[in-house]
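Please keep the sequence and the three-dimensional view at hand while reading.

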Amino acid sequence: MSKKNLLSGRDKELQELAEQYEAAKAENKPIYLDADDLADLADWYAMHRKNSQATEVVEYGLSLHPGSTPLLVEQAYLFMDARERDKAKQVIEEITEDYSAEVKVLKANILLGEGKIDEAEQLLDSIEDKEDLANIVDVSYMYIDMGYPDKAVPWLTRGLEKYAEEEEYLAVTADCFLAQGLKDKAEMFYNKLIDKNPYSAPYWFGLARCYFEQQLFDKAIEACDYAIVSDEEFADAYMMKGHAFYQLGNEESALENYTLAEKYKAVSPNFLHMFIGFNEISKGHWEEGYRHLELVIHSKDTDSTMLPSLYAHVAICLYNLGEKRQADLFFKKAHEIGPKDAEPYLIEGGMYMEKGDFDKAVKKWALALECAPCADTWNEIGMSSMETGHIQYAQTAFEQVKKLEPDFENINEKLTALYLLLDDMENFLKYNQLCAHPFQAKDLENMLDLLDCKNRDEMIKRVKEIFGGSGLF
């Protein structure tokens, strides 16, 4: 399935077609539709995350139209979405019309997934009508979906003069700009699309993504609301709202929207349990955190790469519930599953640091650094030390971050705050001038007053207030 946007008229037609299809199915009555309509209907279901219905429609369609190219193409995409590329290849072998553009795009998609970029480009170059709008859109979305948005640009350029005001062309151009990280240009195009079609959920969602990536979370939420008004089952909008509310510190509203995203299949039940579990742990609700994370651990659908972190967090719950022996077993399991995974050692070290067992904390962090001797690991150590009020440990860690990666995100701001807490004015001034937004005079005056009082707790509180908006601590 391509992730291209459906135009409003066609989307409405397919919604009505879905209602007719489902009514006939409920009454066990046959319904005849041509192959193209059935392929589009299957794609519509897939875009709404109703993959079982999409598969059913394709199979029904093939019973009516054996060997239909549009239906076989759609079936191949469904297998690819399910990460069953071998089955997709088998379907492609059944297609006899290998000269058609849609089949060539499908095969190029397979080749790109295998890293065969040159072969994919040669195949696409054999498409006869490269200036046809449908071909431009299909090829462009294939490149966008596969993570090569720059390669979509030459195809889009072909249609610029002829299709500049066509909604379909504007939509793929907006999505291409966003995929390239050109948020301002993408925002301009999404607004232009919304002027043309103010009831398009995908266009409002595209605008929400632009706002979110610029950390304009309130505006992202507002745009998502418009998307949901246009389509109350638009799952991605609930997911985006959840992320935005979480960034704003509103965990209750985040959970509410994640729950709706799960209802409409944008996230799995495991994601929901993990979010709730981690949130409960952050509040010190150990039993609730343990209960939710245990469900994820025992689920058959859990991503194996997540297991070391999950076991480590469950261990923290058990440790705080007084089950220290069980906690040790869970930490051991985490290290056995992910022997080269630094995160469980970082989590365990942070727990010991919080409990005041510095020797154990440092030993665990040393093991984390053996697994990943990089700036990210040192940054996590620094963050954990800062959160537990151990400023000297944080200083050592953040200086290592600066040494390994001088342009690491917000490292100058962190060091500025730390040296202020340590009464080291020389280093404070050194790093303050390197900050993107240095302390202003009014902030410095308040800080110096605190320094004179030698009230470290109040100083830490003040630093967190100043930096809290950027999520540094």
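**Overview of the chain**

Of the 473 residues in the chain, 47% are buried, where buried means under 20% relative accessible area, exposed over 50%, and partly exposed in between (1.4 Å probe, protein chains only). This is a predicted model, in which local features need pLDDT of at least 70 and side-chain atom pairs count only at pLDDT 80 or more, while totals for chains, interfaces and linings use all residues. Residues are numbered from 1 along each chain as its sequence is written, and side-chain values use heavy atoms, with hydrogens and water left out.

**Secondary structure and overall dimensions**

- The chain contains 27 helices and zero strands; helices (H or I, at least four residues) and strands (E, at least two) are DSSP runs, numbered from the N terminus.
- The C-alpha trace of the chain spans about 80 × 55 × 45 Å along its principal axes.
- Contact means heavy atoms within 4.5 Å. Among contacts between residues at least 6 apart in sequence, 49% join residues at least 24 apart.

**Packing of helices α6 and α8**

- Helix α6 covers residues 101-113 and helix α8 covers residues 133-145; they pack at an angle of about 10°, with their axes 10 Å apart. Axes are lines fitted to C-alpha atoms, for helices over the stretch in contact, and angles run from 0 to 180 degrees between N-to-C directions.
- The two helices, α6 and α8, are therefore roughly parallel to each other. Angles under 35 degrees count as roughly parallel, over 145 as roughly antiparallel, 65 to 115 as roughly perpendicular and the rest as oblique.
- On the α6 side, the residues A101, V105, A108, N109 and L112 meet N135, D138, V139, M142 and Y143 of α8.
- By class, this contact of α6 with α8 has seven nonpolar, two polar and one charged residues. Ala, Val, Leu, Ile, Met, Phe, Trp, Tyr, Cys and Pro count as nonpolar, Asp, Glu, Lys and Arg as charged, and the others, Gly among them, as polar.

**Residues in helix α12**

- A201 lies in helix α12 and is buried, at 5% relative accessibility.
- Not counting residues up to four places away in sequence, A201 touches A227, S230, D231 and F234.
- A201 and A237 are 36 residues apart in sequence, and their C-alpha atoms are 8.4 Å apart in space.
- F212 also belongs to helix α12, which comprises residues 201-213.
- Beyond residues up to four places away in sequence, F212 touches F217, A220, M240, H243, A244 and Q247.
- The C-alpha atoms of F212 and I117 are separated by 31 Å, and these residues are 95 apart along the chain.

- Q53 is part of helix α3, residues 51-64, and counts as partly exposed at 28% relative accessibility.
- A361 is found in helix α21, residues 358-371, and its relative accessibility of 0% makes A361 buried.
- Leaving aside neighbours within four places in sequence, A361 is in contact with G349, Y352 and M353.
- A361 and I381 are 20 residues apart in sequence and 9.8 Å apart in space, C-alpha to C-alpha.

**Loop residues with positive phi**

- N28 is located in the loop between α1 (8-26) and α2 (35-47). Although N28 is not a glycine, it has a positive phi of about 55°.
- At 72% relative accessibility, N28 counts as exposed.
- Q215 sits in the loop between α12 and α13 (217-230). Its phi is near 60°, a positive value in a residue other than glycine.
- Q215 is exposed, with 57% relative accessibility.

**Cysteines**

- A disulfide is a pair of cysteine sulfur atoms within 2.5 Å, and by this rule the count comes to zero.
- The closest cysteine sulfur to that of C374 is in C371, 10 Å away, which is too far for a bond.
- C374 is partly exposed at 30% relative accessibility, whereas C435 is buried, with a relative accessible area of 7%.
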